[in-house]
Amino acid sequence: MDISKEEKELIKWAFIAAKKAYSPYSHFCVGAALLTAENGIYLGCNIENSSYGATNCAERTAIFKAVSDGIKSFKAIAVVGYLEGNESTDYAYPCGICRQVMSEFCEPDFKIIVAKTQDDYKVFTLSELLPQSFGADNIK
Ligand code: THU
């Protein structure tokens with residue numbers, strides 16, 4: 001799938017975001033860069049907690065930062081992840097909870113870019129990564 005220049009730039013920002021990861025337990029650093037409908041960029045990192053379940057993923061950090069600023073319309077997100085002190089060698093796919101949170105605010109054609117490097121990435125739509133999802137329509 002083709003991505004725009006702005007969307008490709010998100011990968012660079014996701015690597016910058018990952019540097020802020022607070023991951024003293026897993027030592028896995030995740031960075032996300034979220035492109036808004038107005039071409040703004042929100043960054044997020046994972047923020048772990050000694051009570052592991054209280055951890056917040058990078059994708060949700062970026063989305064919640066944007067929503068708390070009143071922005072709820074998005075085009076794409078780039079996600080990167082790697083073990084602290086190591087190169088990024090694998091694609092870091094959004095977890096199920098993050099996919100569900102994306103589905104609250106993003107259209108089915110929202111692009112999810114998972115990247116190993118600036119030039120080695122894959123692109124999916126939200127509907128590809130979260131088909132047949134549960135949403136607001138189900139509780140009307
Ligand atoms: N993590 C994310 O930030 N995003 C995901 O989609 C998957 C997992 C984080 C949570 C935790 O801090 C670390 O990766 C290991 O699970």
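Asn56 is buried, at a relative accessible area of 19%; here buried means under 20% relative accessible area, exposed over 50%, and partly exposed in between, with a 1.4 Å probe and protein chains only. The residue sits in the loop between E2 and H2. Helices (H or I, at least four residues) and strands (E, at least two) are DSSP runs numbered from the N terminus. The side chain of Asn56 makes a polar contact of 3.0 Å with the side chain of Thr61. A polar contact is a pair of N or O atoms within 3.5 Å; within protein, one must be able to donate a hydrogen and the other to accept it, and residues adjacent in sequence count only if both atoms are side-chain atoms.

The model is predicted: local features need pLDDT of at least 70, side-chain atom pairs count only at pLDDT 80 or more, and totals for chains, interfaces and linings use all residues. Residues are numbered from 1 along each chain as its sequence is written, and side-chain values use heavy atoms, with hydrogens and water left out.

**The sheet**

Five strands form an open sheet in the order E2-E1-E3-E4-E5, with mixed pairing. Two strands pair if DSSP finds at least two bridges between them. E2 and strand E5 (121-125) are the edge strands, each with a single partner, so one side of each has no neighbour in the sheet. On average, neighbouring strands of this sheet are turned by 20° against each other, direction ignored; the axes are lines fitted to C-alpha atoms, for helices over the stretch in contact, and angles run from 0 to 180 degrees between N-to-C directions.

E1 runs antiparallel to E2, to which 5 bridges join it, and antiparallel to strand E3 (residues 74-83), to which 9 bridges join it. Because 8 of its 9 residues are buried, E1 is largely enclosed by the rest of the structure. Some of the residue pairs that stand opposite each other are listed here.

| Residue | Opposite residue and its strand |
|---|---|
| Leu35 | Ile41 in E2 |
| Leu34 | Tyr42 in E2 |
| Gly31 | Cys45 in E2 |
| Val30 | Gly81 in E3 |

E1 and E2 form a hairpin with 4 residues between them, and Asn39 in the turn has a positive phi of about 65°. Asn39 is not a glycine, and its relative accessibility of 39% makes it partly exposed. His27 is likewise a residue other than glycine with a positive phi, near 60°. This residue is placed in the loop between helix H1 (5-18) and E1, and His27 is partly exposed at a relative accessible area of 36%. Most residues other than glycine have a negative phi.

**Contacts across the sequence**

Asp2 lies in the segment before H1 and is exposed, at 70% relative accessibility. Phe15 belongs to helix H1 and is partly exposed at 23% relative accessibility. Phe15 and Val30 are 15 residues apart in sequence, with 8.2 Å between their C-alpha atoms.

**The ligand**

Which residues surround the ligand? They are Ser26, Phe28, Val30, Asn46, Glu48, Thr55, Cys57, Ala58, Glu59, Tyr93, Pro94 and Cys95; a residue is near a molecule if one of its heavy atoms lies within 4 Å of it. By class the shell has 7 nonpolar, 3 polar and 2 charged residues. Ala, Val, Leu, Ile, Met, Phe, Trp, Tyr, Cys and Pro count as nonpolar, Asp, Glu, Lys and Arg as charged, and the others, Gly among them, as polar.

An oxygen atom of the ligand lies 2.9 Å from a backbone N or O atom of Ala58. In the case of Glu59, an N or O atom of the side chain is 2.7 Å from an oxygen atom of the ligand. A polar backbone atom of Cys95 is 2.8 Å from a ligand oxygen atom. The protein buries 76% of the 380 Å² that the ligand exposes when taken alone; accessible areas come from the Shrake-Rupley method with a 1.4 Å probe, and for residues only the protein chains shown count as cover. Strand E1 (28-36) and helix H2 (58-68) are the elements that give two or more residues to the shell around the ligand.
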